[in-house]
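Please look at the model shown below before reading on.

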Amino acid sequence: MPVRVGTFWIVPVLSREEFDAIEFGAAFSGDHEAAAQRMSRLAVTGTQTESMPRSEAFLRAGEQWLLADDPAAAASGFRLALADGGPVFVDPRVPLARALFLLDKQSEALGLISTLKAEGRQDPRMCDLVAELLVERGDLDGALDWATAGVQLCLADRADEARTGPRLVDTERGRASAARGSAARDGADELRLLLSLRYRIRVDLGLPEDDYDRLLDAAPADGSPGTQLPGDTGTAGSRVLRVVSESDS
């Protein structure tokens with residue numbers, strides 16, 4: 001449309017703080033649909049910044065659409081994040097698979113998960129999310145495989161940090177994980193959650209405890225896993241109480 005002389009358009013700038021505020025407001029009010037609509041508009045019209053790329057804006061809008069029980073709109077947001085190709089805090093294909101399951105597109109969702117596995121699993125947070133999704137779908141064997149892969153990645157990270165400092169992941173998705181999701185959870189927290197999830201899956205499958213399960217018993221008083229390696233022993237009773245407590249919370 002023609003613009004008269006002396007007028008100008010106000011273009012919003014994408015801000016992580018604004019998206020955080022929208023999320024907080026939706027959590028307080030329960031109106032996730034309004035939050036999703038606002039985020040979606042901002043993602044399309046806003047100017048991206050280094051701290052808030054457009055890809056993450058689409059991804060976070062998709063999350064709100066999921067919470068608003070609109071998986072079709074959520075899938076659209078996740079596909080836009082994928083198409084943008086910018087940095088994100090988690091690979092959009094993970095929440096996209098969740099939306100596709102809700103839309104009864106099981107083969108497409110499973111195809112995404114298979115592709116992620118074939119490409120090589122390098123992000124413990126992604127392994128955690130996929131394992132949780134597969135648990136919800138009743139695929140305990142698949143969930144165990146992803147949870148174990150996540151535990152192994154966390155342990156490899158800790159070993160590398162002890163030797164040479166933080167390990168660098170040479171992938172675009174891995175570099176992007178320094179954003180919201182991974183920054184909020186350090187390696188010790190992620191390892192503890194993955195070990196607990198893996199243990200619960202193994203209990204449901206009727207499997208005996210193994211060396212990774214025993215790592216839960218190495219946790220010091222602050223709740224983070226200790227420095228013991230697989231093969232160390234501990235008290236099984238304390239592990240059961242800890243896992244049940246985490247599940248209840």
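The points that follow concern helix packing and aromatic rings.

The model is predicted, so local features need pLDDT of at least 70 and side-chain atom pairs count only at pLDDT 80 or more, while totals for chains, interfaces and linings use all residues. Residues are numbered from 1 along each chain as its sequence is written, and side-chain values use heavy atoms, with hydrogens and water left out. Two packed helices are described by the angle between their axes and the distance between the axes.

**Helices α3 and α4**

- Helix α3 (residues 54-67) and helix α4 (residues 71-84) have axes that come within 8 Å and cross at roughly 165 degrees; helices are DSSP runs of H or I with at least four residues, numbered from the N terminus.
- Axes are lines fitted to C-alpha atoms over the stretch in contact, and angles run from 0 to 180 degrees between N-to-C directions.
- The crossing angle makes α3 roughly antiparallel to α4 (over 145 degrees).
- The crossing of α3 and α4 is left-handed, a term for a near helix turned anticlockwise from the far one by less than a right angle.
- On the α3 side, R54, S55, F58, L59, G62, E63, W65 and L66 take part in the contact (heavy atoms within 4.5 Å), and their partners in α4 include P71, A73, G77 and F78.
- The residues of this contact of α3 with α4 comprise 10 nonpolar, 3 polar and 3 charged; Ala, Val, Leu, Ile, Met, Phe, Trp, Tyr, Cys and Pro count as nonpolar, Asp, Glu, Lys and Arg as charged, and the others, Gly among them, as polar.

**Helices α2 and α3**

- The axes of helix α2 (residues 32-45) and α3 come within 8 Å, crossing at roughly 160 degrees.
- Helices α2 and α3 are therefore roughly antiparallel to each other, and their crossing is left-handed.
- Residues of α2 including H32, A36, M39 and V44 meet a set in α3 that includes F58, A61 and W65.
- The contact of α2 with α3 has 10 nonpolar, 4 polar and 3 charged residues.

**Helices α1 and α3**

- Helix α1 (residues 16-29) and α3 have axes that come within 12 Å and cross at roughly 0 degrees.
- This makes α1 roughly parallel to α3 (under 35 degrees).
- R16, F19, D20, E23 and A26 of α1 make the contact with E56, A57, R60, E63 and Q64 of α3.
- By class, the contact of α1 with α3 has 3 nonpolar, 1 polar and 6 charged residues.

**Aromatic rings**

- R121 lies over the face of W146, 4.6 Å from the ring centre; the criterion is CZ of Arg within 6 Å of the ring centre and within 35 degrees of the ring normal.

Note on methods
Helices (H or I, at least four residues) and strands (E, at least two) are DSSP runs, numbered from the N terminus. Angles under 35 degrees count as roughly parallel, over 145 as roughly antiparallel, 65 to 115 as roughly perpendicular and the rest as oblique.
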